[in-house]
Amino acid sequence: MKYQIVIAGIGGQGAVFLVKVLSIASALANQKCLGTENHGMSQRGGSVSCYVKIGDFYAPAIDEGQADLLIALEGNEALRNIQYLSKDRGVIVMNAPKNFPKVDFETHSIDAFKKAKAKEFPIDALNVYMLGVTLALDTHFPFTCKEIEEAITAMNAKVAEKNIAVLHQGMNDAKAVK
Amino acid sequence: MKQILMGNEAIALGLIHSGVDMLSGYPGTPSSEILGNFQKFRDKFKLEAYAQWATNEKVGFEVAYAGAISGKRTCATMKQVGLNVASDPLMSASYIGLKGAMLLISCDDPGFYSSQTEQDSRSFAKFARIPVLDPSTPQEAYDMVKLGIEFSHQFESIVMLRPVMRVSHAREICEVDDSLYVKANQGNFERNIPRWGAVPPAGRFRQGLEQIDRLEAIKLWNWEHLIEPKTHLLKGSRVLCLTSGTGDGYVKEAVSELGIDADILKLDMPYPLPKENLEALFVKYDKVIVFEESFPCIEEQLSSPKLYGKLTKHVHLIDEFSKDKVLSAFAKAGVIEPNHAYQSEKYNKELPKRPPNMCPGCPHRDVHYAITKTFKKKKSIYTSDIGCYTLGLNQAAIDTILCMGASISMASGFSISDPDKTVVATIGDSTFMHSGVAPLINAVYQNHKFVLIILDNSTTAMTGRQTTPERTNPNQIDIKRIIEGCGVACHEYVYEQDLNKTVDFMKSLQEAYKTATAPVVAVVREFCVLDKENAVGRLGNVVVEVDEDKCVACDSCITNYKCPPMHYNDAGKMEIDPFLCAGCGSCLDVICPTDAFVKK
Ligand code: SF4
Ligand code: SF4
């Protein structure tokens with residue numbers, strides 16, 4: 001299998017957490033995985049982008065026109081990274097309001113900020129929530145819900161229960177929107 | 001045993017599995033997590049090992065080197081720019097060699113993600129004449145740490161490991177040893193004055209000759225153990241790619257994905273190279289292209305009319321590698337037709353800019369704001385330094401940034417060259433300890449008149465909040481007493497979130513400056529909002545809103561204060577993003593001319 005994911009967001013939203021979860025999920029699924037994170041100058045509020053390459057890869061970065069999936073924790077960050085998506089396979093899952101500009105890719109969007117504002121889930125679990133949305137809507141996503149749950153538990157068993165609940169909430173909300 | 005590791009974790013584990021029990025370094029992205037992870041593993045498995053942050057890279061190097069010449073297995077960690085600071089001892093240590101083993105880890109940052117310069121530590125290894133290993137993945141980094149330590153021991157030479165950001169911060173499933181077997185090994189310094197204390201030229205001259213012999217032996221080893229076995233796997237294409245580090249991954253993927261007919265030979269130790277043996281391979285090829293990040297380290301050691309690379313302008317000269325750059329090099333060298341398989345259209349409408357910015361609620365922002373409010377731009381020069389506060393650039397509160405410690409020495413220089421302006425220097429506590437003390441002594445000694453503000457949040461915040469000297473030993477090392485020890489008064493301010501108070505403090509410094517004959521030095525006692533221990537209870541819980549009727553969209557808050565939650569809404573009025581706001585309440589006063597910021 002070969003599957004490449006770009007995770008985009010802003011500093012403080014926990015994009016790096018998703019890289020960890022996905023690399024653990026890969027290990028559980030017996031797949032090779034290479035991920036990289038952007039650390040450093042971007043403090044809270046700066047653009048952050050991470051790459052996860054699952055399968056037989058050697059180069060750490062994802063190249064333009066290559067990604068299968070773009071998970072954007074913030075809408076504008078999806079647009080900023082759009083060039084990484086593959087023209088024929090690329091899928092976007094993003095947190096964006098209803099009136100967001102349309103782009104030329106299969107796009108699944110949900111207004112997660114609105115739901116968080118209404119206290120439907122805690123804002124610091126936005127990353128896991130969006131992962132749930134991805135699980136529900138990206139038909140090519142290479143992991144099952146069970147694998148992701150296991151990965152979340154392996155990351156930090158103490159908060160796993162809470163996170164898994166948010167994961168399912170994301171899945172359910174996504175299905176409802178669809 | 002398989003484990004999912006980030007490159008820097010893999011390196012830390014490799015050090016443990018190589019029996020390294022003495023580690024010293026200074027944080028710097030992307031190297032910072034090596035020492036921190038080593039400490040974590042050490043504590044988790046209750047191993048006996050020294051692993052501490054040094055005040056700067058030169059000190060870190062020298063501590064580790066002393067360990068190595070006493071026969072221990074040691075390591076110094078830093079980033080490429082830090083190696084500049086440590087280059088002084090490195091140059092001599094390379095002549096002298098060592099007894100135990102020492103790995104010098106210098107992490108590079110192609111593409112300047114978080115550095116002032118790109119640089120290539122491999123070129124530094126070449127300059128210093130020490131062997132260097134260039135890993136391309138976390139797994140290789142782990143393996144090369146072990147190789148490097150063994151090698152260092154065998155050849156009595158410092159060995160450099162040069163991971164780049166995409167190795168240090170990559171995550172991979174790695175195969176690592178099962179057991180953990182660091183045990184404190186006893187150092188035993190054996191007096192040998194002609195070796196360890198040699199005075200030029202006699203002693204060093206002999207060591208210089210030995211160094212040359214050693215390099216010849218290492219070249220041969222490099223050929224026999226690392227390169228020659230791989231040459232049997234070459235398929236016999238017309239084109240040979242010589243790669244190093246991450247360059248290898250990009251070439252491998254591009255060549256296999258596009259079916260380009262080319263052989264790839266990865267050089268794990270890009271310096272010193274067995275020139276003759278390598279060039280003998282070229283006979284079978286029409287073209288040899290060198291793919292390496294960042295400088296032409298390999299290319300400079302070889303010569304052949306068949307050679308294509310950075311020196312011949314076929315490969316890009318600056319910035320990180322990508323497969324698109326690989327294809328463009330192939331095309332320029334006439335191997336393939338121009339190909340844009342790895343280019344795609346960007347979104348071409350305007351997006352919100354998100355330049356690096358200080359965290360919401362960060363006290364540094366208030367200090368910078370107060371400086372520009374008090375010391376007017378036209379009549380001042382703001383020198384600053386390396387750390388989170390460098391991001392005060394966004395507030396136009398910084399005019400110069402050079403290297404660690406230079407804010408103070410440059411303030412001296414400006415006070416002489418442009419005496420009509422008030423120079424205001426800002427520097428963090430960690431940077432002050434790293435290289436700020438010597439320039440302060442210089443300024444006091446020569447009575448240079450400027451304002452120096454030390455922003456003391458008691459942590460090395462930018463690289464991930466490593467401990468600083470005063471944090472660990474607050475009763476002994478104290479910035480205030482260091483300043484007083486230099487014979488000048490220390491103005492102290494304990495930061496409060498009421499911005500008016502910070503501005504008032506700045507005005508008091510301005511008063512002091514009027515009659516001063518030496519530097520006016522202040523320390524602001526702050527905290528980093530991400531520092532759980534220190535920020536607790538000091539970060540307010542105020543909910544701030546902007547009164548749309550009062551906001552006249554004058555830009556004043558965004559330009560001068562620039563807190564990330566501030567943005568314009570659809571109505572063209574200022575709005576605070578509740579998800580980013582830290583609730584510090586600093587913006588309530590001072591910054592808005594129409595008082596539009598209100599408590600909810
Ligand atoms: S990491 Fe700490 S010091 Fe740096 S900008 Fe954020 S709050 Fe300020
Ligand atoms: S209260 Fe104001 S200054 Fe503090 S974080 Fe929020 S927007 Fe920034």
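This talk walks through a predicted model, from chain A as a whole to some strands and residues of chain B.

Some ground rules come before the tour. Local features need pLDDT of at least 70 and side-chain atom pairs count only at pLDDT 80 or more, while totals for chains, interfaces and linings use all residues. Residues are numbered from 1 along each chain as its sequence is written, chains are lettered from A and ligands numbered from 1 in the order in which they are written, and side-chain values use heavy atoms, with hydrogens and water left out.

Let's start with chain A. It has 6 helices and 6 strands. Both are DSSP runs numbered from the N terminus: helices are H or I with at least four residues, strands are E with at least two. From the N terminus, the order is β-α-β-β-β-α-β-β-α-α-α-α. How compact is chain A? Its radius of gyration is 15 Å, close to the 16 Å from the globule rule for 178 residues, so chain A is as compact as a globular protein of that length. That radius is taken over C-alpha atoms, and the rule is 2.2 Å times the number of residues to the power 0.38.

The C-alpha atoms of chain A fill a box of roughly 45 × 40 × 35 Å along the principal axes. Of its 178 residues, 61% count as buried. Buried means under 20% relative accessible area, exposed means over 50%, and partly exposed is in between, with a 1.4 Å probe and protein chains only.

Now chain B, and an open sheet. Its 6 strands run in the order E3-E2-E4-E5-E7-E6, with parallel pairing. Two strands pair if DSSP finds at least two bridges between them. Which strands stand at the edges? Strand E3 (50-53) and strand E6 (132-133) of chain B do; each has a single partner strand, so one side of each lacks a neighbour in the sheet.

Look further in. Strands E4 (residues 73-79) and E5 (residues 101-107) of chain B pair in the parallel sense over 7 bridges. There, B:Met78 stands opposite B:Ser106 in E5(B). Helix H4 (residues 80-96) of chain B packs on the sheet and touches E4, E5 and strand E7 (159-161). Contact means heavy atoms within 4.5 Å. The direction of H4 makes about 135° with that of E4(B). Axes are lines fitted to C-alpha atoms, for helices over the stretch in contact, and angles run from 0 to 180 degrees between N-to-C directions.

B:Ser24 lies in strand E2 (residues 22-25) of chain B. Buried or exposed? B:Ser24 is buried, with a relative accessible area of 2%. Its side chain reaches the backbone oxygen of B:Gly60 at 3.4 Å. Leaving aside neighbours within four places in sequence, the contacts of B:Ser24 include B:Leu35, B:Tyr50 and B:Cys75.

Move along to strand E14 (residues 422-428) of chain B. 7 of its 7 residues are buried, so E14 is largely enclosed by the rest of the structure. In a regular strand, side chains alternate between the two faces of the sheet. Both faces of E14(B) are covered. One side has buried residues including B:Val424, and the other has B:Val423, B:Ala425 and B:Ile427. Strand E13 (residues 380-383) of chain B runs parallel to E14(B), joined by 4 bridges. In that pair, B:Ile381 has B:Val423 as its bridge partner.

Last stop: a loop. B:Asp595 lies between strand E20 (574-576) and strand E21 (597-599) of chain B. At 46% relative accessibility, B:Asp595 counts as partly exposed.

Methods
A polar contact is a pair of N or O atoms within 3.5 Å; within protein, one must be able to donate a hydrogen and the other to accept it, and residues adjacent in sequence count only if both atoms are side-chain atoms.
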